Each structure stands twice: as structure tokens, then as C-alpha cells.
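Open the model in a viewer that can select by residue number. The stops below are meant to be taken in order.

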Amino acid sequence: MNIRTSQFFHQYSKRFNEIYGNENNFLNKLINKYFRKSMRLRFEYVFRNLNNFNNSSVLDVGCGPGHYCIEAYKKGSSNIVGIDFAPNMIEIAKNKFASENIDVKYDFIIDDFIDYEFKNTFDYIIFMGFMDYISDPDQIIKKAIKLTNKKSFFSFPQKGGFLAFQRKIRYSYRCKLYYYSKRDIENLINKYNIKYQIEEIERDYFVTIEK
């Protein structure tokens, strides 16, 4: 992950956190409803079939302010790790967990997923809104498969369409974005001879990889 992207999300942390919360004004709520619908759907898709994590371990890559981590705790996870390269994001996530009086094992790490050496594997790994900023997705897939015990979940932004175009323009001075076709994703995963599913949701592909 490049420094430019890290700096952007470090500065954007408060506004990003508000997307999931109730601190939005009327205009932001409309924007969230119509232009960030994909973010809400990604969240729902991760947890739709995992109503009980049964003391599982969860890693959230690019965890941001920790919303997936908190939901994993509510679903029964007993070991939660979030990793993000933006210090402000991690600070928000830590504060959220402290305010919720979380009573299970958890940790938040400021680092890059590829660079960090994990000591353990995880039952579930979450990569939501992460692959958008990755120049070499193959190394992410490879490491994810190595670290996953049960399932890993990815979102890949779709190529084409008005929303992808306007987002690319809007982010042009912030950080570089990467887009995918369904064939691109298939080519990435097929080399590992592993079970996976690709679903189209709004402007994303939601991908589940099973061990």
C-alpha cells in the first residue's frame, strides 16, 4: 500500500467513520443511501450467513474505524484482530472497543497487511473496500489463503459504469484506484484450485473463498 493512500485514509478517518454511524447531516444521509449503498450491502453480505461466529477468530484487513470488528464480536467471535495502515482509523477503532467494554481478546495493528507477519491463522478474514487500492492483488489473495481456516470475504470494485467513472475522477488527486471485471477475479483465484463464489452487488463483486 503506498504512502499517498495511507495519508488519505489517515486524514479521512472521521468522515469515513460517520458513513456507518448516525452523525451525518441530511445531505450526507442521501449520499450514503444512493451512492454508498454498496458499502452497506458489503457489510450485510459478510454477516448474512454468519449469525453466530461460535468463538471463532476474525481478522479485518483495512479495518478502518472497526465496524466489522464490533459486529464480529456481537456475532460471537472471541478473537478479533483489525489491521490498518492509517493511525487515525486504528485510534477510532480502539476507542469504539473501549467504549463498548468488549470482553474478548482483541488487537488493532497499525501496519500493512502484506508486510506484517501474523503469528496465527484466522477462521474468517474480511477484505471489504480494500482491493480498490491494491496494485498487486495476487499477493493479497495468496497470503489470505495461507492465513484463512474457513472463509475469507473480498469486495472488488467493478469496471465500467457511471459511479466507477465519477469515483475515479473524485479520487484522482487522493489515491490510485483499481477496478476489476469478473474474468479478472476468476483469473486471480483459479490458479489456486480453491472453492470460491463471485456475486454482483451494486458496483462491487462480493467474493467468498472457502478453505
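This is a predicted model: local features need pLDDT of at least 70, side-chain atom pairs count only at pLDDT 80 or more; totals for chains, interfaces and linings use all residues.

Residues are numbered from 1 along each chain as its sequence is written, and side-chain values use heavy atoms, with hydrogens and water left out.

**Stop 1: the sheet.** Show the strands as a cartoon. They include an open sheet of 7 strands in the order S3-S2-S1-S4-S5-S7-S6, with mixed pairing. Strands (E, at least two residues) and helices (H or I, at least four) are DSSP runs numbered from the N terminus, and two strands pair if DSSP finds at least two bridges between them. Select 105–110 and 195–201: these are the edge strands S3 and S6, each pairing on one side only. Neighbouring strands of the sheet are turned by 15° against each other on average, direction ignored; axes are lines fitted to C-alpha atoms, for helices over the stretch in contact, and angles run from 0 to 180 degrees between N-to-C directions.

**Stop 2: the packed helices.** Select 182–190 for helix H8, which packs on the sheet and touches S5 (148–157), S6 and S7; contact means heavy atoms within 4.5 Å. The direction of H8 makes about 165° with that of S6. Then select 87–99: helix H5 packs on the sheet, touching S2 (79–84) and S3, and its direction makes about 165° with that of S3.

**Stop 3: salt bridges.** A salt bridge here is a side-chain nitrogen of Lys or Arg within 4 Å of a carboxyl oxygen of Asp or Glu, and the count comes to 7. Arg48 lies in the loop between H3 (37–47) and S1 (57–61), 151 residues from Glu199 in S6. Which of the two is buried (under 20% relative accessible area, with exposed over 50% and partly exposed in between; 1.4 Å probe, protein chains only)? Glu199 is, at 16%, whereas Arg48 is partly exposed at 33%.

Go back to H8 and show Arg183 and Glu186, 3 residues apart, about one turn of the helix. Their closest N and O atoms are 3.5 Å apart. Arg183 is exposed at 55%; Glu186 is partly exposed at 22%.
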